[in-house]
Amino acid sequence: MYNIALLIYYFLICLSCPFSEKAREWVRGRKNIFKKLKKLDHGEGIIWFHCASLGEYEQGLPVIINTKKKYPNHKILVTFFSPSGFKNQKPQKEIDYTFYMPLDTIINAYRFVNIIRPVFVVFVKYEFWFNNIWVLKEAEIPIIYISCNIRKTQYFFKWYGGWFRQRLRKVTHYFVQNEESKILLENIRIKQVTIAGDTRYDRVKTVANSDFFDEKIAKFIGDEKNVVVAGSTWQKDEQMILEVLPKLGNYKIIIVPHEVNDENIIRIKELFKTSLLYSDIDDNETINTNILVVNCVGLLSRLYRYAKFAYIGGGFGKGIHNILEATAYDTPVIFGPKYKQYNEAVTLVEAKGAFSFSKKEELNNIVDNLLNDDFLQSAKKACHDNFDLNLGATDKIMEAINL
């Protein structure tokens with residue numbers, strides 16, 4: 001069933017190529033991959049990390065960096081499934097090679113493992129490659145999963161999931177984010193589980209502690225201490241932000257949309273009629289607006305340092321975007337209703353450092369509360385305490401990486 005599904009998936013990707021640049025890149029990026037892999041210098045051995053996309057890459061970076069420090073003569077190979085991860089990764093000196101992951105057919109799995117001959121394999125979060133797991137186990141190569149967040153709705157807990165569960169038991173060790181994940185795995189007879197937490201906390205704290213200065217942002221903010229950052233926003237989020245603008249008259253508002261294509265930026269400019277684009281800031285002109293739209297990528301995680309509180313987008317779609325980038329600065333966050341599949345959001349809502357809403361009246365009430373300094377300071381402390389409590393996952397995982 002799994003192998004048939006893979007073939008159908010590949011067929012559909014190929015059918016999509018004439019209509020989708022992402023599909024074309026998915027296919028193009030895997031062309032001649034095995035020929036390229038045969039040319040790699042293995043050093044003292046290849047340590048293989050796999051990340052589905054950019055989010056998992058950021059999640060895995062603390063372990064990747066520390067692994068290279070521990071084994072400097074080994075080569076680090078990172079694979080991606082998604083073009084968005086492969087194309088948008090930030091270069092990292094600790095990483096020797098990056099490739100797309102070949103489709104998880106049994107033939108590809110044997111070819112890939114036999115060519116790179118990894119001494120250790122780390123899968124980030126929960127992308128399960130069942131044929132690769134089988135081949136790696138057969139070759140007696142250690143496999144660990146890190147930052148796993150297991151949910152009871154996943155298919156391997158279903159009545160038809162026996163084959164998948166059998167493969168999952170072949171993994172050497174699971175480092176999970178929480179107690180629920182540990183219990184769920186133990187319920188399907190997987191005992192090799194440790195609660196380590198989420199390595200993203202370690203990663204975003206490193207970013208938060210790094211120096212940052214941007215002339216355009218500094219010019220826009222000036223001496224203003226009251227700043228709100230709205231990150232990774234979608235259309236519904238932007239409409240909600242528009243609703244509370246009257247309450248934020250003395251605040252500088254920085255909007256960083258999830259999509260920065262021209263069409264979307266034009267739409268946002270029409271919605272926030274007095275706004276200024278980041279690309280249009282001129283050193284010689286005075287800024288006469290309190291709304292900035294950032295129409296480029298790569299700045300968001302560092303902009304949260306300026307915010308008294310932040311709005312995180314995605315909560316009216318598939319789910320909220322990264323809240324840790326904001327809370328690393330002790331910045332309270334607001335987001336829409338689709339957040340309960342994210343452990344870090346659930347715990348912070350319970351701690352009263354994050355606030356969710358479904359209706360504009362609820363958003364207005366949350367903003368009113370955060371404009372009260374006592375309430376704001378209490379929320380900031382909740383963010384600080386929660387973040388500190390969750391640091392250290394990388395160290396726990398590194399104890400298990402022994403070659």
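The model is a predicted one. A search of the whole structure finds one cavity of 30 Å³ or more, and the largest nonpolar core holds 47 residues.

**The cavity**
- The largest cavity contains about 80 Å³ of space.
- Its lining is made up of Val 228, Ala 230, Ile 241, Val 244, Leu 248, Ile 253, Phe 309, Ala 310, Tyr 311, Ile 334, Leu 363 and Val 367.
- Two or more lining residues come from each of β8 (227–233), α12 (235–244), β12 (309–312) and α17 (360–370).
- β12 contributes the most to the lining, with three residues.
- By type, the lining has twelve nonpolar residues, no polar ones and no charged ones.

**Helix α12**
- Asp 237, Glu 238, Met 240, Ile 241 and Val 244 are the buried residues of α12.
- Viewed down the axis of α12, these residues fall within an arc of 160°, so they line one face of the helix.
- The buried residues of α12 pack against β8, β9 (252–257), α13 (262–271), β12 and α17.
- Ile 241 and Val 244 are buried residues of α12 and also belong to the cavity lining.

**Nonpolar cores**
- In the largest core, Leu 37, Trp 48, Tyr 145 and Tyr 174 touch the most other members.
- Helix α6 (residues 106–116) supplies the largest share of this core, five residues.
- A second, separate core has 37 residues, among them Ile 217, Val 256, Tyr 278 and Ala 345.
- Beyond its neighbours within four places in sequence, Tyr 145 has contacts that include Phe 123, Phe 128, Trp 129, Ile 133 and Tyr 174.
- Lys 125, Glu 127 and His 173 are also among the contacts of Tyr 145.

How values were computed:
Residues numbered from 1 in each chain as written. Predicted model: local features only at pLDDT ≥ 70, side-chain atom pairs only at ≥ 80, totals over all residues. Heavy atoms only, no water. 1 Å grid on protein atoms, 1.4 Å probe; cavity = no way out; pocket = protein on both sides within 12 Å on 5 of 7 lines; lining within 4 Å. Points joined across faces, edges and corners; volume = space filled by probe spheres on them. Helix = DSSP H or I, 4+ residues; strand = E, 2+ residues; numbered from the N terminus. Nonpolar A, V, L, I, M, F, W, Y, C, P; charged D, E, K, R; others polar. Buried < 20%, exposed > 50% of the residue type's maximum accessible area, 1.4 Å probe, protein only. Arc of directions from axis to C-beta. Contact = heavy atoms within 4.5 Å. Core = buried A, V, L, I, M, F, W, Y, C linked by side-chain atoms within 4.5 Å.
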